[in-house]
Structures are given as structure tokens and as C-alpha cells.
Amino acid sequence: MENNNLKQIIGQRIRECRLKAGYTQAQFAELMDISINFLSEIETGKKGMSQETIYKLCQKLQLSADYILFGSRTPDPLPCDLIQLVNSLTSEDLHSLMDYILALQKVRRIQGREEA
């Protein structure tokens, strides 16, 4: 694969996840401690990134480097939008979500016994 094409693909993934996370370029550039211009060049495939920048980007967007580089979410199967939704919940909402998940698991176990 040509280097410029690879940069464009990686840049598209980054832009997509940044937008799903609800950040503008200005907000995310500030969070990453890079210039808006540099972020724009990364997202359009005009510039590559250092290992440190990739690491920081993965931390801030809660992504795996595998996803950024290869498009694979295998090590981190949660989509970036789900992670952002959970991170935006209040403590009370998190408790309610946990109660819901536990109740759902209980229903699934009961359904499994009935089918067997």
C-alpha cells in the first residue's frame, strides 16, 4: 500500500472517531497539545504521526493502536461511541445501567434454562 494512501486511511479513522467522540478539531487539538493545523494534516493524510502522538491519541479517544493502524478493533471491541456514552453518564446513571445489565443477564439465564 502506498504511504500517502495509508496516511489518508489512518487520518479518516482518526477524524471519524474524533467526531463520534464529539470533539471539534480545535477541542481535540488542544486536548492532544498539538496545533489545529497539524491535526488537520493528520486527518487529511498529509502528515504522519510520531509514536508518542499515536499513543496519546489512542488514550484520548480510548482506541487501540490496532484500530488506528489496521482498522481492527480486536483488542478493544467497544466502539468509540459506546465508550463516550458511558463516560458521559452520571454516577446515578451508571448505577441504573449496571442494574439494567444485571437484570438483562438474569433474564437471559432464565430464557436459556427454558430453552434447554
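1. A salt bridge is taken here as a side-chain nitrogen of Lys or Arg within 4 Å of a carboxyl oxygen of Asp or Glu, and the structure holds 2 of them. The model is a predicted one, in which local features need pLDDT of at least 70 and side-chain atom pairs count only at pLDDT 80 or more, while totals for chains, interfaces and linings use all residues. Residues are numbered from 1 along each chain as its sequence is written, and side-chain values use heavy atoms, with hydrogens and water left out.

2. On the overall fold, the secondary structure comes to 7 helices and 0 strands, where helices (H or I, at least four residues) and strands (E, at least two) are DSSP runs numbered from the N terminus. Read along the sequence, the pattern is α-α-α-α-α-α-α. Buried residues (under 20% relative accessible area, with exposed meaning over 50% and partly exposed in between, for a 1.4 Å probe and protein chains only) make up 24% of the 116 residues. Among contacts (heavy atoms within 4.5 Å) between residues at least 6 apart in sequence, 50% join residues at least 24 apart.

3. In one of the salt bridges, the side chains of arginine 18 and glutamate 43 meet at 2.6 Å, N to O. Arginine 18 lies in helix H1 and glutamate 43 in helix H3, so the pair ties together parts that are 25 residues apart in sequence. Arginine 18 counts as buried because its relative accessibility is 4%, and glutamate 43, at 6%, counts as buried too. The two side chains also make a polar contact at 2.6 Å, a term that stands for a pair of N or O atoms within 3.5 Å; within protein, one must be able to donate a hydrogen and the other to accept it, and residues adjacent in sequence count only if both atoms are side-chain atoms.

4. Leaving aside residues up to four places away in sequence, arginine 18 touches Tyr23, Thr24, Gln25, Phe28, Leu39, Glu43 and Leu61.

5. In the other salt bridge, the side chains of lysine 47 and glutamate 41 meet at 3.8 Å, N to O. Lysine 47 has a relative accessibility of 40% and therefore counts as partly exposed.

6. Isoleucine 14, apart from residues up to four places away in sequence, touches Ile42, Glu43, Met49, Leu57, Leu61 and Ile68.

7. A search of the whole structure finds 1 aromatic pair, where rings of Phe, Tyr and Trp (its six-membered ring) pair if their centres lie within 6.5 Å, and planes under 30 degrees apart count as stacked, over 60 as edge-to-face and the rest as tilted. The pair is formed by tyrosine 23 and phenylalanine 28 and is tilted, at 5.5 Å centre to centre and 40 degrees between the planes. Tyrosine 23 counts as partly exposed at 23% relative accessibility, whereas phenylalanine 28 counts as buried at 0%.

8. The buried residues of H2 are Phe28, Ala29 and Met32. They cover an arc of only 100 degrees around the axis, which puts them on the same side of H2; the arc is that of the directions from the helix axis to the C-beta atoms.

9. Two loop residues call for a look at their backbone. Aspartate 33, found in the loop between H2 and H3, has a phi near 60 degrees, a positive value in a residue other than glycine, and counts as exposed because its relative accessibility is 65%. Glutamine 62, in the loop between H4 and H5, has a phi near 50 degrees, again a positive value in a residue other than glycine, and is partly exposed, with a relative accessible area of 32%.
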